[in-house]
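Here is a short briefing to read alongside your model. Keep the 3D view open and follow the points one topic at a time.

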Amino acid sequence: MKIIKKIAVRKVVTDQSKEQLEEEYQFKIFKLEQECDQLKFEQKKLEQQSTGNKDEIAAKFKKRIDSRKDHIKWYQYKLEQLDSLPLDSEVEDGEIEALIDIEEGMSWHELNEQKSITVKDGIIIKIT
């Protein structure tokens, strides 16, 4: 029988990976700022077209914009933390799902142990 199990992916911090993460975070911040601008534009457009309650429209858009601003703050924090990370340290880089064969008689405890994959500059260096 096969089951799907989540496996942690860790990334070794190198100069190359730092640059890559910095670019990724900067791009995400840029996209979120664009979304905020677009939402403000849509809000003004709706307020001009609507004869209904403008406070309601403003509240809905404020909630959506605030959510994106919170994400921007999070990525800015991650950028600050990135600068202080020492080289060759490991950081979590998400999870992947793996297909695992199981059979009768296997140790359930060993199957449930946390497995991980360690990646350095795009190359898998360790599977535990």
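**Sheet and strands**

Strand E1 (residues 2-12) and strand E3 (residues 116-120) run parallel and are joined by four bridges. This is a predicted model, in which local features need pLDDT of at least 70, side-chain atom pairs count only at pLDDT 80 or more, and totals for chains, interfaces and linings use all residues. Residues are numbered from 1 along each chain as its sequence is written, and side-chain values use heavy atoms, with hydrogens and water left out.

**Chain layout**

- The chain has three helices and four strands, taken as DSSP runs numbered from the N terminus (helices: H or I, at least four residues; strands: E, at least two).
- Starting at the N terminus, the elements follow the pattern β-α-α-β-α-β-β.

**Overall shape and surface**

- The radius of gyration of the chain is 22 Å, whereas a compact globule of 128 residues would be near 14 Å; the value is taken over C-alpha atoms, and the globule rule is 2.2 Å times the number of residues to the power 0.38.
- Along the principal axes, the C-alpha atoms of the chain fill a box of roughly 70 × 40 × 20 Å.
- Buried residues make up 27% of the 128 in the chain, where buried means under 20% relative accessible area, exposed over 50%, and partly exposed in between (1.4 Å probe, protein chains only).

**A look at Ser17**

- You will find Ser17 in helix H1 (residues 15-49).
- Ser17 counts as buried because its relative accessible area is 4%.
- Leaving aside residues up to four places away in sequence, Ser17 touches Lys11, Val12 and Asp121; contact means heavy atoms within 4.5 Å.
- The side chain of Ser17 also reaches the backbone oxygen of Val12 at 3.4 Å.

Notes:
Two strands pair if DSSP finds at least two bridges between them. A polar contact is a pair of N or O atoms within 3.5 Å; within protein, one must be able to donate a hydrogen and the other to accept it, and residues adjacent in sequence count only if both atoms are side-chain atoms.
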